[in-house]
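Q: I have a new model open and would like to learn how to read it. Could you walk me through it, one feature at a time?

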Amino acid sequence: MDNTHSVSTLIDCTTSKIQQLQKAFSELESHRAVTLNLKWKELEAHFHGLEKSLKRRFDELESQEKEFETRTVEAQKLLEKRQAAVVAKEQASLEILQKKRDAAAYAITNAREKQRKVSTEEPSVVTDDGQGEPPSVEEKPPDMIVSDSNCQEMKSPEMVSIEVMSYPQLAKLCEQMDTEGLHTFISDNRKNLASIREEIPLALRAAANPALFVLESLEDFYRLEGPNTDRKKDANLLGVRRTCIMLMECLSTLLTNPELVSASDIITEEVKDMAEAIAEEWKPKLDALDMDASNGNSLEAHAFLQLLGTFGISSGFDEEELFRIIPMVSRRRQAADLCRSLGLTERMPGVIEVLVNSGRQIDAVNLAFAFELTEKFSPVPLLKSYLKEARKTSPVKSGNASPTAQNEVNDRELAALKAVLKSIEEHKLEEQYPVDPLQKRVLQLEKAKADKKRVAEAAKPQPKRPRANGVGYAPRVTNVVTDKTFYPRVADNRYPQYVYDRQFVYPGPADNHCPSLLGSATYNMSPAHGNYYATGYQYQPAAYLH
């Protein structure tokens, strides 16, 4: 700043210097016989030009200095903002950790209270053999023996887990290493799957070898699949596969909690070898899967990647093969955690590009937020391009398109709109992408769909009307009025009053024929009232069943 001020002062003094030079030049001219006016004007113009050039350059440098200062201030503000965000995240993490510690302490306290109540309500059974020896306490399993001193101490993790669990059957099944029983229990209680999922990590500690137990539970993942099995419609097979994936996830949860178990004690080298053998058996089955057909929701690919991540055996497989499989699970909520556990975080930009190029921008947006890549993959343009692709009509011209094709286009657009609205809500993009036009379009498409459905239902043929006695359907009536009725009309006598008639048959008088029809299921014609065909031939009457 001092140098700038001195330069500015020197520039301001230029005019006074020129004036002094002019006086000196005038004195010099007075001593000469020849005039120098022309030369002085040239000198004056030259000096004024230098002055203007210096001022212009000085102004440019001053503006550049101000711009640099502005950028510096903005960078400092951005740095402070990021530092504040980091501090906030650290504080939030500490608060979450403290809550977990408090919850664990509370659970342990409750378990101790429950055990203390059990010990007071169920006293030890005393036996006396009658031979003068002191009474002895009946032997019980070690896990049932509770003394006063043990009540004051913290119980083992196994005891705490069993005490606080809402489903003690889980711990029993794990303790017995009963994989089939565990699958059956989870299937029978699938309505409470959320609470069961929370307790499985605790129950696994009751198993002698949790990792081996989970590996044994994977035996039916492909065993139930037959040559003609429809993978999409076989609910039993899908349920077994989802359960296998959930058990591996629960084992991962158990391993990531150092307060509960040590991962190295559970995932031994022998267990890793067994897991690698299973992965090698599963891998060829993935080659037949189509990335587009799976639509990012493949249970087979998810189970394979979860097996590698849970048992830490991903290093034994080609990273390019894993990179190819990731898009097959991009729609599943565990996709981001799977990529992190497999060490594919650095490859995520490539995965997102594959998803964008294959028309799955919604999955790309989710992964971009999960891995903080929204600056490289802007969410709003991706969502707009996804919606634009969904709105494309079929190759047939819109004027010649069939109603079925148009319905498919509308359904595709409606599904895309709902997916985009959900993504905007999840990632809080309302300010960048207003939702009002999208919601109006959703209402418009749903109303059009409902109107078409009503029209289609109205155009369907009405079912046949049942007969009066509830047996079968009445034959078609050809000579009755529009509002068909089973009862005679009094006001209008232009039409015969029959329940139904036969073509080319002329029955006898109505006063004798109608009561017989309505009063009995069978009737016989009187000989006095013969029936004739239109040609004049008489026929013998037969009994009719209604």
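**Reading the core and its surroundings**

A: Let's start with a single side chain. Setting aside residues up to four places away in sequence, Leu307 touches Leu215, Leu218, Met248, Ala275, Ile278, Ala279, Trp282 and Ile313. Keep in mind that this is a predicted model.

Q: Which residues touch the most other members of the largest nonpolar core?

A: The general idea is that in soluble globular proteins, nonpolar side chains tend to be buried together. Here, the largest nonpolar core has 91 residues, and Phe304, Leu307 and Phe311 touch the most other members. The biggest share of this core comes from helix α11 (residues 235–255), which gives 11 residues.

Q: Let me zoom out for a moment. How many helices and strands are in the protein chain?

A: You'll find 23 helices and four strands. Of the 546 residues in the protein chain, 29% are buried. Take the contacts between residues at least 6 apart in sequence: 65% of them join residues at least 24 apart. The accessible surface is about 36,800 Å², with 53% of it belonging to carbon and sulfur atoms.

Q: What pLDDT does the protein chain average?

A: The average is 75, and 68% of the residues score at least 70.

Q: Where do Tyr167 and Phe185 lie?

A: Tyr167 is in the loop between α5 (157–164) and α6 (168–175), while Phe185 is in helix α7 (residues 179–188), so the pair ties together parts that are 18 residues apart in sequence. Tyr167 is buried, at 14% relative accessible area, and Phe185 is buried too, at 12%.

Q: Which residues form one aromatic cluster, and which residue lies over the face of Phe221?

A: The cluster is made of Phe221, Tyr222 and Trp282. Arg241 lies over the face of Phe221, 5.0 Å from the ring centre. Another case to look at is Arg347, whose charged end sits over the ring of Phe323, 4.4 Å from its centre.

Q: Why is helix α19 largely enclosed by the rest of the structure?

A: For helices in general, there are 3.6 residues a turn, so residues three or four places apart point the same way. In α19 (residues 361–370), seven of the 10 residues are buried, so the helix is largely enclosed. The buried ones are Gln361, Ile362, Asp363, Ala364, Val365, Leu367 and Ala368. Their cover includes α17 (335–341), α18 (348–357), α20 (379–390) and α21 (403–427). Just past the end of α19, Glu372 takes a positive phi of about 55 degrees.

Definitions and conventions
Residues numbered from 1 in each chain as written. Predicted model: local features only at pLDDT ≥ 70, side-chain atom pairs only at ≥ 80, totals over all residues. Heavy atoms only, no water. Helix = DSSP H or I, 4+ residues; strand = E, 2+ residues; numbered from the N terminus. Buried < 20%, exposed > 50% of the residue type's maximum accessible area, 1.4 Å probe, protein only. Contact = heavy atoms within 4.5 Å. Areas by Shrake-Rupley, 256 points an atom, 1.4 Å probe, with all protein chains shown as cover. Core = buried A, V, L, I, M, F, W, Y, C linked by side-chain atoms within 4.5 Å. pLDDT = per-residue confidence, 0-100. Phe/Tyr/Trp six-rings, centres within 6.5 Å; stacked < 30°, edge-to-face > 60°. Lys NZ or Arg CZ within 6 Å of the ring centre and 35° of its normal.
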